[in-house]
Amino acid sequence: FRGIAYNQQADIDLGDPSRMVKKNYDAWLTGLMHQSHIVPARAVVSLARGDKSTPAGAAMFPGGTATWPSLDQLGVGDGERVVTATYLREEYPGLADQLHIWPVPRGHHDHVLVLHWHDHRLWVILADARHSPFLPESLRVGPSPGFKMIAGRRGENCDVACSRNGMRCEASHFDWVNNCTALSQFFPCENGYGLVVGPDIPNYVSLDSDKQARKCLITEQNPQCGAAHLATERLCPCLPRTM
């Protein structure tokens, strides 16, 4: 534990812990989002650095504010701003680097992360445009037309697996296959699931001599179409070649 920094200041009042009960937190987060302004993800960086101007393209969150609790009722201080920005998984590392946060989502709830910059009196809500159930359809991003999940052969990369089926691998669509639900549709996953790192994931370890044998693996990294492993069968995101 020597490398871990601990709070050396006075105890922090975390407030009423009942607010962390899922139904209560969901209600708070939903209200906060509906009282926020939608801004482009790139604008969050300048706001987090103290920019007080209104970002170009800013608009109120769809659904209005009339039927939702006020910012004061939601615990937002007087004069503080609340903004929501959507992101795609493959864009997150670059955004995180500029905001000086962990390069993969941490501390999020249902694909939503809430950040609070006290010095700049700013609340930022980062929501995954593909997966967050808190976003309305107008802000969601779905798979491209013709998208198909294809299981590769052992040791085969996704460029080859998709091409063998008359399609092409689309790296931006790994988000739709890099999960346990998708893997279980194609592989038995007899020994459960594992969270590991590697460009050839998501996959199923079909080689019995491998230490992860008969597991389905997912990753927090951005997978690569051209990666492969001799012990695994990949699950690949494929699109028609004409797209």
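Start with the whole chain: in this predicted model, 68% of the contacts with a separation of 6 or more are between residues 24 or more positions apart. Colour by secondary structure to find five helices and eleven strands. Orient the view along the principal axes, where the C-alpha atoms fill a box of roughly 60 × 50 × 30 Å.

Next, show the surface. The accessible area is about 13,400 Å², with 53% of that belonging to carbon and sulfur atoms. Of the 243 residues, 41% count as buried.

Now select Arg89, Asp175, Asn178, Thr219 and Glu220. Of the 23 residues lining the largest pocket, these are the closest to its centre. The space in this pocket is about 480 Å³. Colour the lining by class: nine residues are polar, eight are nonpolar and six are charged.

Then move to the second largest pocket, which holds about 360 Å³ of space. Select Arg19, Tyr25, Trp28, Leu74 and Trp123, the closest to the centre among the 16 residues of its lining. By class, that lining consists of eight nonpolar residues, seven polar residues and one charged residue.

Which elements each supply at least two residues of this second lining? Select helix 1 (22-34) and strand 4 (112-117) to see them. Strand 4 gives the most, with four residues in the lining of the second largest pocket.

Note on methods: Residues numbered from 1 in each chain as written. Predicted model: local features only at pLDDT ≥ 70, side-chain atom pairs only at ≥ 80, totals over all residues. Heavy atoms only, no water. 1 Å grid on protein atoms, 1.4 Å probe; cavity = no way out; pocket = protein on both sides within 12 Å on 5 of 7 lines; lining within 4 Å. Points joined across faces, edges and corners; volume = space filled by probe spheres on them. Nonpolar A, V, L, I, M, F, W, Y, C, P; charged D, E, K, R; others polar. Buried < 20%, exposed > 50% of the residue type's maximum accessible area, 1.4 Å probe, protein only. Contact = heavy atoms within 4.5 Å. Areas by Shrake-Rupley, 256 points an atom, 1.4 Å probe, with all protein chains shown as cover.
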